[in-house]
Amino acid sequence: MPQGPAARGDPRAGVLRRPTFWLIGLATAAFALAPLVGDDVQLRESLLLASVYITLASNLNLMLGYAGYINFGSIVFFGLGGYICVWLMNAHGWPLAAAALAGGVCVSGLALLFGLGILRLRGAFFALSTIGVNEAIKAFVQNFDPWGGSSGLYLSTTLFQPLGGPMRALWIIYFLLVATMGVSLYLSFFVKSSKFGLGLLAIGQNEDAAAVLGVPTPRYKALAYSASAFLPAVAGGLYFFKSAFIQPADAFDLSLSTEAIVIVMLGGQGTIIGPALGAYLYEELRGWLLVSETFSNFQLVIAGALLLVIVLFAPGGLMGWLYGRWPRLRRVLE
Amino acid sequence: MTALLELDGLTKSFGGVRAVDGLSFTLAEGEILGLIGPNGAGKSTLFNLINGVFAPDAGRVMFRGIDITGEAPYRVARSGLARTHQIVQPLADMTVLENCTVGACFGRESLALGAARDAALEAAVLVGLDDRLAVPASQLTIAGKKRLELARALAARPALLLLDEVLAGLNPAEVDYMIGVIRRIRERGITILMIEHLMQAIMSLSDRIVVLNSGQKLAEGLPAEVANNPAVIEAYLGDPSLAAELHGGS
């Protein structure tokens, strides 16, 4: 928040003067370029996962950090987006970009419908219902024959041909995922600078007071839920296209939802940069735990312990801790 | 004078208790109407019925000639009716200015963010919070939070303001300051319906008084009439000191 009344005019006019705006662009460009230098495939794979995590966490943050609603089942967006994309390409020959976007639109629309229903619930009841949504969709897909039921869908390798073969396709998918990450962060940025975002923040602070002040709470919550579904669904489409295989157990894996919550809390809920920072750190930690002999498959235990420590000792996450030490940082890193 | 707010037979029960029982009165444009009554008389419930926090069991609320009975609070706010809470409800982690901006953004004029900040700033100046704009609401004193309630409501540029005990818990200097603020609000043409226990304050501010007891209207009239009404004095349990205060305030 700028200090002088003069700096407090139309916030839109100041977008280009906010360091966070440039930081997002810079980080996205760095992600895209870093593995290109030296053709480093291993770095690319690591950054690819990081960009998926950042996309999931940043969109989760719209609900968790802004509106104060804990979505335990956010992975359903990712999984369902993956299924729609893979199926459209396999069965209907859609090109990748169109199929992934269609997945985003469908999932976002569905989320709007679900949201108008389950967002009447609050607190723990809402959190439980989001797990319910994930499990219901998972059960549906497991019994849905056109999508291969519980054995899933395999992509035909010929689908990589239009992208110039598997090697080139992997790079293209990577760039698309990095772009999705960048758009996610900008979505966070612009929502937070908007009237819509102000309304969400008010809901997150005190929903009843927000309603009395005139914030149209049911509509705003449903819109936020729907918006937070779009980019994870697109990312799911890209991700599962890359895997060339999708099955319910991977697509609707609740532990990934939980990791996304840990990431948002680790970085700092409600901030723009926090979820990205948290995702990057978490991905680095996870990578280390996976290669370490003693700790293989141990990341969820660590995640749980981490969440406990954050909630107890640093509810503001990394960003909250940084703001506490250097209050002026609030104006630089949002 | 045209009626800004018309209540007609409002009734609301909680379990077996009739918190508000067949209540009717009207509020003219530009007026300050004081609402008094013993604890549990149904005053705050009445506010919740007017602004849509509760839907009444029976009766009707007309605001600016439109039936707003049972409308959601955010619709009521949008139509130009703002309120403060007896128990303050700050948006704790947001700054004073942000709190007021929420009021302005989603109030009667539904302002865009830039214009809303100007309206918020204006409201903060009016209640004397302009030196604490960047302070998180949670860090304000009780008096500060009361002022914030008022500023947020004002930032919405309402036609009608419901004030629920904005003077309670303030020291005499703060009370005097707030009374000045309320007078200034009135000068801007905003109609006020206020609940207050501080008799001298409400008697001197109000054009008319409505007395509630057990959810029903016990008396209505000019402050002096009401203060001398034996039924009103009795409703306050015949407390002689309070009766004396009522007379003193008239």
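How many helices and strands are there in chain B? Chain B has ten helices and ten strands, where helices (H or I, at least four residues) and strands (E, at least two) are DSSP runs numbered from the N terminus.

Before selecting anything, note the conventions. The model is predicted: local features need pLDDT of at least 70, side-chain atom pairs count only at pLDDT 80 or more, and totals for chains, interfaces and linings use all residues. Residues are numbered from 1 along each chain as its sequence is written, while chains are lettered from A and ligands numbered from 1 in the order in which they are written.

**Stop 1: chain B as a whole**

Select chain B. Along the principal axes, its C-alpha atoms fill a box of roughly 50 × 40 × 40 Å. Of the 250 residues in chain B, 48% are buried; a residue is buried if 20 or more other C-beta atoms, placed from the backbone, lie within 10 Å of its own, exposed if 12 or fewer, and partly exposed in between. Among contacts in chain B between residues at least 6 apart in sequence, 66% join residues at least 24 apart. Two residues are in contact if their C-beta atoms, placed from the backbone, lie within 7 Å.

**Stop 2: where chain B touches chain A**

Display both chains. The contact takes 27 residues from chain B and 24 residues from chain A. On the chain B side, α2 (73-78), α3 (96-105) and α4 (113-127) each supply at least two residues. By class, this side of chain B has 15 nonpolar, seven polar and five charged residues. Here Ala, Val, Leu, Ile, Met, Phe, Trp, Tyr, Cys and Pro count as nonpolar, Asp, Glu, Lys and Arg as charged, and the others, Gly among them, as polar.

**Stop 3: a helix pair in chain A**

Select residues 19-33 and 165-192 of chain A, which are helices α1 and α6. The two helices pack at an angle of about 170°, with their axes 9 Å apart; axes are lines fitted to C-alpha atoms, for helices over the stretch in contact, and angles run from 0 to 180 degrees between N-to-C directions. That angle makes α1(A) roughly antiparallel to α6(A), a term for angles over 145 degrees. To view the contact, show A:T20, A:F21, A:I24, A:T28, A:F31 and A:A32 of α1(A) against residues of α6(A) including A:F175, A:M181, A:L185 and A:F189. The contact has ten nonpolar, three polar and no charged residues.

**Stop 4**

Centre on A:V86, in helix α3 (residues 75-92) of chain A. Is A:V86 buried or exposed? A:V86 counts as buried because it has 29 C-beta neighbours inside 10 Å. Beyond residues up to four places away in sequence, A:V86 touches A:L153, A:L155, A:F240, A:F241 and A:I246. The C-alpha atoms of A:V86 and A:L153 are separated by 7.7 Å, although the two are 67 residues apart along the chain.

Next, select A:Q247, in the loop between β2 (245-246) and α10 (248-251) of chain A. A:Q247 is buried, with 21 other C-beta atoms within 10 Å. A:Q247 and A:L153 are 94 residues apart in sequence and 6.5 Å apart in space, C-alpha to C-alpha. Leaving aside neighbours within four places in sequence, A:Q247 is in contact with A:S151 and A:G152.

**Stop 5: helix α11 of chain A**

Finally, select residues 254-267 of chain A, helix α11. In α11(A), ten of the 14 residues are buried, among them A:S257, A:E259 and A:G267. Just after α11(A), A:G268 takes a positive phi of about 130°.

Methods: Angles under 35 degrees count as roughly parallel, over 145 as roughly antiparallel, 65 to 115 as roughly perpendicular and the rest as oblique. The expected span of a helix is 1.5 Å times one less than its number of residues.
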